[in-house]
Amino acid sequence: MTFSIFFTKKEENNADTTVIGIFEGQELSKTAKAYNKTQNNFVDQCLSSHTNFTGKAGEALSLAHKEFTHNHIILLGLGKKEDLNNLTFEEIGGELLIPLQKAGAQNINIHVEGIENIQNTTTAEIAAHLAMGLKLKSYKFTKYKEEKEADKKTKIETITIITDADSAATDLYETYDAITDGVFLARDLVNEPPNALYPESYAELIKNELKPLGVEVEILDERKMSKLGFGALLSVGQGSIRESKTVIMKWNGNGKAKKGDRAPIAFVGKGVTFDTGGISLKPGAEMDLMKMDMGGSAAVVGLMKAVAKRKSKSNVIGIVGLVENMPSDRAYRPGDIITSHSGKTIEILNTDAEGRLVLADALTYIQDTYNPEVIVDLATLTGAIMVALGFEYCGAFANDNKLWEQLKQSSDNTGEKFWRMPLDKAYRKEMESDVADLKNLGSLGRYGGACSAAGFLEHFINKDTKWAHIDIAGTAWWKTDKSTTPKGGTGFAVRALNDFVENNFENKK
Ligand code: BES
Ligand code: ZN
Ligand code: ZN
């Protein structure tokens with residue numbers, strides 16, 4: 001669904017639905033009071049006959065009456081004034097979409113004028129965040145589904161947010177819209193079925209999406225990767241008929257770096273377009289969900305789109321390793337010893353622990369080629385992180401406290417929840433093999449599986465590189481709707497990482 005969002009000072013006349021805010025305890029906002037007056041105290045009367053509606057954040061009461069100047073009035077709960085901030089406005093925006101759709105609203109006015117003096121934010125920001133919440137929640141993946149007649153008829157066309165800070169809100173929203181586009185791309189990629197999205201088609205799609213925005217895109221094919229000695233990544237892909245690819249994306253918003261310059265920041269993504277487990281085959285139940293095993297790469301690609309669309313004054317590199325993990329007569333096996341791009345040998349004990357192998361070569365390559373000061377990798381790496389944290393928080397491992405603080409700040413700013421997990425010599429040691437340099441399965445098996453996976457990756461990080469590994473296995477796909485995220489692919493981490501780039505790597509001059 002696409003609708004246009006505008007910000008104006010005065011109410012437009014062509015709206016069929018008007019939304020006015022009510023604070024918790026049925027306290028009318030300034031606009032609600034004014035509205036009440038023009039409608040013969042009807043708002044007051046409705047509130048007294050709807051005592052269940054208390055004005056909790058996101059709660060909505062739809063009213064219709066023939067004497068109204070609009071078809072519908074929706075009273076929107078704003079919660080307690082002291083709890084309001086950018087994020088709660090975003091959530092309220094997301095929650096509001098449902099009653100708007102139910103009311104069959106097409107052209108909508110939302111009044112937020114008079115809602116001011118909210119702590120730590122501005123009138124323009126709350127208006128723009130409300131809009132972003134509406135937009136984020138409006139996402140639907142319907143590419144392969146015929147639209148129902150009823151859905152066609154009830155399409156929201158315009159949303160006008162009435163605010164005194166209309167021009168500042170318009171400017172802010174332009175940026176938020178670019179970020180949302182990045183989130184939507186990441187969601188689309190995760191939602192695409194694995195017969196449509198496989199390494200080759202994925203690499204093409206990245207090129208088509210990002211090149212027009214000014215991102216340099218380089219694709220390494222199997223021949224090139226063999227020459228480079230990507231033994232780990234290629235082993236994972238060798239059971240599949242689909243050719244593996246690595247894609248490197250460069251955004252030079254801060255001017256082209258000179259050869260030999262240390263790159264400021266690189267993002268690395270696991271892009272297993274389908275994870276059957278390989279010869280260590282996964283059980284059948286819910287195997288379909290393993291189309292989301294490229295969620296880390298989707299976050300990187302979505303992030304690149306967001307920074308490019310908002311013309312971020314930063315230099316950002318993205319790299320994604322794209323493979324399909326299939327069993328076949330030429331698939332890699334448990335027992336194999338392979339040689340990674342770093343030269344380290346790896347004993348394969350379970351072909352389902354493939355993500356770390358893909359990441360290992362991408363991590364080595366990006367360090368050798370661009371020597372970034374900071375690397376953040378993203379991966380749907382382990383089921384164990386879901387055992388530890390469920391679906392609410394991703395697990396974030398960082399070898400530098402300042403880097404963790406920066407990530408935590410961006411997590412707080414955007415509401416994408418990061419929880420710090422431990423890196424430890426013991427986890428690194430656990431991944432050492434008797435017959436090769438490393439093994440891909442820890443000695444303790446499932447116990448601490450997210451931590452030993454991070455310990456494995458740490459073997460591929462140079463000493464002077466600040467590095468964070470984000471395990472998003474529990475957050476890349478949600479089975480239920482949340483306030484700003486419909487179920488399915490979530491696009492998780494695009495917003496937090498965009499904030500992280502904006503706050504720490506942008507030239508503010
Ligand atoms: N892609 C999976 C992890 C995963 C599980 C992501 C559930 C999303 C939802 C990963 O490749 C995997 O299979 N990991 C194994 C590792 C084990 C064999 C050491 C796991 O978590 O069981
Ligand atoms: Zn696996
Ligand atoms: Zn996997």
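A polar side-chain atom of K282 lies 2.8 Å from an oxygen atom of ligand 1, a polar contact being a pair of N or O atoms within 3.5 Å; within protein, one must be able to donate a hydrogen and the other to accept it, and residues adjacent in sequence count only if both atoms are side-chain atoms. The model is predicted: local features need pLDDT of at least 70 and side-chain atom pairs count only at pLDDT 80 or more, while totals for chains, interfaces and linings use all residues. Residues are numbered from 1 along each chain as its sequence is written, chains are lettered from A and ligands numbered from 1 in the order in which they are written, and side-chain values use heavy atoms, with hydrogens and water left out.

**Ligand 1**
- Ligand 1 is surrounded by 18 residues, the closest being K282, D293, D352, E354 and G383; a residue counts if one of its heavy atoms lies within 4 Å of the ligand.
- K270 places a polar side-chain atom 3.3 Å from an oxygen atom of ligand 1.
- G383 contributes a polar backbone atom, 2.6 Å from an oxygen atom of ligand 1.

**Domains and their interface**
- The protein chain splits into domain 1 (4-163) and domain 2 (179-504), with bounds from an automatic or database domain assignment.
- The centres of the two domains, taken over C-alpha atoms, are 39 Å apart.
- In domain 1, 15 residues are in contact with 21 residues of domain 2, contact meaning heavy atoms within 4.5 Å.
- About 1500 Å² is buried between domain 1 and domain 2, 63% of it on carbon and sulfur atoms; this is the accessible area (1.4 Å probe) that two parts lose on being put together, summed over both.
- Eight residue pairs are in polar contact between the domains (both at pLDDT 80 or more).
- On the side of domain 1 that touches domain 2, α3 (86-102) and α4 (123-137) each supply at least two residues; helices are DSSP runs (H or I, at least four residues), numbered from the N terminus.

**Salt bridges**
- The whole structure has 27 salt bridges, each a side-chain nitrogen of Lys or Arg within 4 Å of a carboxyl oxygen of Asp or Glu.
- Two salt bridges are counted between domain 1 and domain 2.
- R495 pairs with E90 in a salt bridge, with the closest N and O atoms 2.8 Å apart.
- K143 and E192 form a salt bridge at 2.5 Å, N to O.
- This pair links distant parts of the chain, 49 residues apart.
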